[in-house]
Amino acid sequence: YEFSFLFFMGITLMAAPLFVVNLFARERETNSLDMLRVTLLTPWDVYLGKVRAGVLAMRPLFYGFFAASALIFSIPVVIHGQVLFIAAGILTSAVALFFVATLSAYVGIVARRTATAVVVTYAVGAFMLCAFPALVTMAMRGARAPHVIVNTMTGLSSPISGWDKFFTHGDAQWDLWIIGLAIYTIVSAGLAVFGVRRLARADDG
């Protein structure tokens, strides 16, 4: 069931950028951001409004993901009673989606073409959530670090890797998984702040 959950999470994360990045990138591509200058909306109003629109558009995707997750997680609940395992998986998904959404919004604000924004979003998102943990693992193993340290560093490098390492394999302490979630939450919040600042500069011309 761990692989099945990761599979459905991956599909959701792959589809999510398409609902957010286009909301900002197309505005810049068509130079319609200038219209915001004649409104009373603040950059935060614009940012949160567009992200909210993207999230609402993703509702069918969320419903499918949570339905599949409920079906998958019924196995560990019934057989093993792993409530913490399920809660950790849902929280990990939320943090990963928050990161993807804020990354998509930031790239969409910065990029001047929609196609460029989509490609960059997928490239950076895939690197941070998948390739970066793999590189950390190879670097730690190349340095002949102990097995526990390798898994701990890999888990901290990505919330998804952390959930897989700390809860599925039990190779590290769960508090380190929380630190990993906190790191990605802070990064996501930073992307939102910088995105709003960039949006304000674009609005000011």
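This is a predicted model: local features need pLDDT of at least 70, side-chain atom pairs count only at pLDDT 80 or more; totals for chains, interfaces and linings use all residues.
## Helices, a buried threonine and a surface patch

Reader: What about contacts, how much comes from residues 24 or more positions apart?
Author: Taking the contacts in the chain with a separation of 6 or more, residues 24 or more positions apart account for 75% of them.

Reader: Switching to Thr121, where is it found?
Author: Thr121 is found in helix α5.

Reader: Is Thr121 buried or exposed there?
Author: Thr121 counts as buried, because its relative accessibility is 2%, and the cut-off for buried is under 20%.

Reader: Which residues is Thr121 in contact with, leaving aside its neighbours within four places in sequence?
Author: With those neighbours set aside, Thr121 is in contact with Pro17, Val21, Leu103, Ser104 and Val107.

Reader: Now the surface: which residues form a nonpolar patch?
Author: Phe127, Phe132, Leu135 and Met138 form a nonpolar patch on the surface, and together they have about 370 Å² of accessible area. Phe132, one of these, lies in helix α5, which covers residues 114–142.

Reader: Why can Phe132 be called partly exposed?
Author: Phe132 has a relative accessible area of 31%, so it counts as partly exposed, a class that runs between the 20% and 50% cut-offs.

Technical notes
Residues are numbered from 1 along each chain as its sequence is written. Side-chain values use heavy atoms; hydrogens and water are left out. Patches are made of residues with over 30% relative accessible area and no salt bridge: like charges are joined within 9 Å, nonpolar side chains (Val, Leu, Ile, Met, Phe, Trp, Tyr) within 5 Å. Accessible areas come from the Shrake-Rupley method with a 1.4 Å probe; for residues, only the protein chains shown count as cover. A salt bridge is a side-chain nitrogen of Lys or Arg within 4 Å of a carboxyl oxygen of Asp or Glu. Helices (H or I, at least four residues) and strands (E, at least two) are DSSP runs, numbered from the N terminus. Buried means under 20% relative accessible area, exposed over 50%, partly exposed in between (1.4 Å probe, protein chains only). Contact means heavy atoms within 4.5 Å.
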